[in-house]
Amino acid sequence: RLQCSQIFLNYLVDYPMGSKRLDNHLQQIVLNMKYEYEEGRLSAIELLSSLIQKFPLPVLEEHAQLFFLPLVLSLVNDESKTCKEAVADCISLILKRLSTDTVQSLYGYVKRWSEPSGTESIPMQLASAQLFGIFVEARPDYVKRGRNSTDLADLIMEVISQHSSSTDDNGWELVYHYLVCMEKLNKYVPGAFGTNLDVWSSLVSLMAYPHPWIMQVSSRIVSGHLSAIDYKELARNGSDSLLAKVPGSLYDIARNSCRQLDVEDRLHVDATCTIAIKNITTAFKIMKLRPDLCYEPEATNENENEELNPKGKSKDPCLWLMARLSNIAKPRGKLRRESVFKCFAALCTSCSPADLVRYLQLMIDPIDRDVRDKAGKARRGDFEDNDPRDALPKEVLQILEDTCGTDNYVKAYAKVSKNARQKKDKRKQDIASEAIHDPVASAQRKVSRGKHEQERKKRRMDENRSSRGG
């Protein structure tokens, strides 16, 4: 197939032929992008990409619309991720080669498609959202001309603001593609969004959006904003960032990042958790520098819910953040615990020991709990020490000791062990007391424990049988 494509490409480029015959060949290539099988469609797209690179510019200009419109339809309708990516690359290639006037005419199509006109226009709105991102990446010089970047930024702000407070993931695709476009616009046209506080506040809200893709890309944009903050200006209260202009936004970023870590293992996404860890680490350092940025002025907090702004409960937002992370890692959940432990390790590598000593006990508690759980499983024969990730808790404990000093570490660990023993003794006393005062509940507890033990033994036997190939 590759050799045939190369021969046909050389024929189209080098062999003299009339315009009608050339048009027939090009239309056949375009039709092949609708081929039934993915490999055939991909071959047609690659051939078209090669043609776009090889054709003389006047010929390419003449056939620009013949290529562009079918490519847009493939971008919208093709179900193959590989083909979609190839189509996007092909569109980018043609935009890079075309003159500014031709690009302007194609950009006009995209702007018209972005206008909402009922439910039937949604597919074209999705196409325009993707195409805007391709235009920004392929022709930033054109996007910077006139009001192009301003108009595009206004459109992105409008879409994001409409969905920032949504509690379901309906219409997530449109928001996602515009967020990707916003990320590219920030990269190629710095300052396009300026200090528009509404759009940045909406981005912080989207960090808790139900759909994981939107959660990830919004967190990535916010992470870039945090990375660009000048700490010296922030300390002098001279920063134009969201954190300085909207008090309480730092708390919202930390809270939403914690929520991204606090998910079930089946919903865990490594990339999202990595960004969340980075955001939490940055938020912790800024909280140490400017704790006042976590509090909204002249506001009251009558609700004692843990998720609300910590003002009124503690003047140390870092204490709230570390307690939140500690509580996230306490329930069982391997990937959730791993994410929090990595966050503790990241804090140790990026913060000074003096900033962490106060919270050492909060960090050790969930790690020690995980170590005890694995030790209990090993005694029952449920745990095999053959996964390299199982060594993570002990490695993080060693990092904590190296960072905060052995004396501080030993004292904190002793307090954690003492509290664990006290809780265990109290639990035993409660069970013994229940057997006397409520024998029915005690009997039900024993039956439930017996069933759980039988299920554990059966599960262990099945695992051993499968490991032996039975």
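**Entry 1: Terms and source**

I began with residue classes: Ala, Val, Leu, Ile, Met, Phe, Trp, Tyr, Cys and Pro count as nonpolar, Asp, Glu, Lys and Arg as charged, and the others, Gly among them, as polar. I noted that this is a predicted model, in which local features need pLDDT of at least 70 and side-chain atom pairs count only at pLDDT 80 or more, while totals for chains, interfaces and linings use all residues. Residues are numbered from 1 along each chain as its sequence is written, and side-chain values use heavy atoms, with hydrogens and water left out.

**Entry 2: The chain**

I found 24 helices and zero strands in the chain. Helices (H or I, at least four residues) and strands (E, at least two) are DSSP runs, numbered from the N terminus. Of the 470 residues, 44% are buried. Buried means under 20% relative accessible area, exposed over 50%, and partly exposed in between, with a 1.4 Å probe and protein chains only. I also looked up contacts, meaning heavy atoms within 4.5 Å. Among those between residues at least 6 apart in sequence, 69% join residues at least 24 apart.

**Entry 3: The largest nonpolar core**

A nonpolar core is a set of buried Ala, Val, Leu, Ile, Met, Phe, Trp, Tyr and Cys residues joined through side-chain atoms within 4.5 Å. In soluble globular proteins, nonpolar side chains tend to be buried together. The largest core here has 127 residues, and Phe67, Leu131, Leu325, Phe344 and Leu400 touch the most other members. Helix α8 (residues 122-138) gives this core its largest share, nine residues. I asked why the core lies between domain 1 and domain 2. Domain 1 (1-98) and domain 2 (226-297 + 312-404) both give residues to the core, so it lies between them. The domain bounds come from an automatic or database domain assignment.

I then listed the neighbours of Phe344, leaving out residues up to four places away in sequence: Met322, Leu325, Ser326, Leu362, Met363, Pro366, Ile367 and Val396.

**Entry 4: The largest pocket**

On a 1 Å grid over the protein atoms alone, a pocket is an open set of points where a 1.4 Å probe fits, with protein on both sides within 12 Å along at least five of seven lines; lining residues have an atom within 4 Å of a point. Grid points are joined across faces, edges and corners, and a volume is the space filled by probe spheres set on the points.

The largest pocket has a volume of about 1,200 Å³. I counted 28 lining residues, of which Arg332, Arg372, Asp373, Lys424 and Arg427 lie nearest the centre. Two or more lining residues come from each of α21 (360-380), α23 (406-437) and α24 (439-467), and α21 gives the largest share, eleven residues. The lining divides into four nonpolar, four polar and 20 charged residues. Domain 2 (226-297 + 312-404) and domain 3 (412-465) both contribute to this lining, so the pocket lies between them.

**Entry 5: The second largest pocket**

The second largest pocket holds about 830 Å³ of space. Its lining has 26 residues, and Lys84, Glu85, Gln130, Tyr176 and His177 are the closest to its centre. At least two lining residues each come from α5 (64-77), α6 (81-97), α8 and α11 (172-188); α8 gives the most, with eight. I sorted this lining into 13 nonpolar, five polar and eight charged residues.

**Entry 6: Single residues**

Is Met287 buried or exposed? I found Met287 in helix α17 (residues 270-289), and Met287 is buried, with a relative accessible area of 2%. Met287 and Leu250 are 37 residues apart in sequence and 7.9 Å apart in space, C-alpha to C-alpha. Beyond residues up to four places away in sequence, Met287 touches Leu250, Ala254, Cys294, Pro317, Cys318, Trp320 and Leu321.

Glu62, in helix α4 (residues 57-62), is exposed, with a relative accessible area of 57%.
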